[in-house]
Amino acid sequence: MITYLTHNQIDTQRWDECISNSPNGNVYAWSWYLDVVHPNWDALIEDDYESVMPLTGNRKFGISYLFQPFFTQQLGIFSKNKTDKNKVRKFIDAIPDRFKFAEIRLNSDNSFFDNCQNIEYHRNTELNLSSDYDSLRKNYNSNTKRDLAKAETANLKNSDDVETAEIVNLFRENRGKCIRHWGDAEYERFMNLTDVARSKGHCFVKGVKNTDNELVAGAIFMTSHGRIVFLFSGADESNKELHALSFLIDNVIKENSGTPKIFDFEGSDNDGLARYYKGFGGQEVKYPSLRFNKTRGAVRFLLKIFKEK
């Protein structure tokens with residue numbers, strides 16, 4: 001039996017026990033992670049927390065809808081047992097009717113029957129780190145090897161002595177200038193998320209400095225369920241020729257090589273980024289998203305405008 005629970009009805013201890021024991025569990029699904037990225041999230045619970053699904057909703061124009069919060073690539077159904085197609089279908093059917101509109105992303109273990117409507121698939125790139133470093137590096141493509149050769153001649157230095165705020169500032173001063181839908185509130189939420197994750201032992205930060213000891217690239221990684229998630233990065237575009245970010249990623253791969261871990265590049269549907277990630281020997285893994293719109297008339301039109309903004 002699947003039951004809808006509002007946020008204050010959820011037993012977070014039993015929730016996290018389910019996530020901990022879920023073969024398809026990920027860092028985004030922990031209760032503390034959801035509390036930061038979307039306070040007051042609701043949920044669908046099967047039986048005694050055997051399987052769970054977070055519902056991250058909001059309300060606009062008097063309409064309740066579901067959406068994907070920032071910094072959560074994959075949510076969906078998590079289970080102590082295998083999430084077969086029938087279980088996934090039952091959870092989707094159990095989403096309360098009051099949610100009239102949805103654009104949410106599930107996880108790669110959530111599969112659907114071929115005739116299911118409203119389902120699209122997105123791309124992720126993953127690298128199995130179980131081989132030794134030399135074997136992993138042999139699978140890098142020629143562009144990645146060339147970039148690393150340039151980085152190595154620049155005498156770059158990997159650094160663990162980097163703060164989250166430094167990486168966020170590096171991002172905002174460079175690529176972040178082109179991202180209009182991220183404001184102070186989103187960056188503050190992200191800073192809070194990394195603080196909480198570090199306190200829980202699920203986050204680490206890496207940086208790269210040049211010969212003048214200046215930070216030229218940095219990245220924030222989340223860890224859970226044997227996965228290293230490349231969540232966020234910043235790089236100095238004026239020093240693009242140094243290929244510092246490639247240097248950083250290669251170092252994390254090297255440090256974790258020969259372990260039963262997965263390096264999760266967390267993307268991407270962007271062809272250029274996907275090609276860059278695959279340059280490190282990563283493999284494409286698809287995961288589904290669910291989209292529906294049960295609104296009509298003027299409300300449907302308003303929601304379309306809202307989405308485009």
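**Overall build and selected local features of the predicted model**

The accessible surface of the protein comes to about 15300 Å², and 45% of this area belongs to carbon and sulfur atoms. Accessible areas come from the Shrake-Rupley method with a 1.4 Å probe; for residues, only the protein chains shown count as cover. The model is predicted: local features need pLDDT of at least 70, side-chain atom pairs count only at pLDDT 80 or more, and totals for chains, interfaces and linings use all residues. Residues are numbered from 1 along each chain as its sequence is written, and side-chain values use heavy atoms, with hydrogens and water left out.

The protein has ten helices and 14 strands. These elements are DSSP runs numbered from the N terminus (helices: H or I, at least four residues; strands: E, at least two). The C-alpha atoms fill a box of roughly 60 × 40 × 40 Å along the principal axes.

Of the 309 residues, 50% count as buried. Buried means under 20% relative accessible area, exposed over 50%, and partly exposed in between (1.4 Å probe, protein chains only). Among contacts (heavy atoms within 4.5 Å) between residues at least 6 apart in sequence, 75% join residues at least 24 apart. The protein carries 42 positive and 43 negative side chains, and the centres of the two sets lie 6 Å apart. Lys and Arg count as positive and Asp and Glu as negative; His and the chain ends are not counted. Each charge is placed at NZ of Lys, CZ of Arg, CG of Asp or CD of Glu.

D250 is found in helix α8 (residues 244-256). D250 counts as buried because its relative accessibility is 6%. Its side chain makes a polar contact with the side chain of Y140 at 2.9 Å. A polar contact is a pair of N or O atoms within 3.5 Å; within protein, one must be able to donate a hydrogen and the other to accept it, and residues adjacent in sequence count only if both atoms are side-chain atoms. Beyond neighbours within four places in sequence, D250 is in contact with Y133, R137, Y140, L148 and F280.

Backbone geometry was also examined. Y49, not a glycine, has a positive phi of about 60°. Y49 lies in the loop between β2 (42-46) and β3 (51-55). Y49 is buried, at 6% relative accessible area. The phi of F71 is near 65°, again positive in a residue other than glycine. F71 lies in the loop between β5 (63-67) and β6 (78-79). The peptide bond from G267 to S268 is cis, with omega near 15°.
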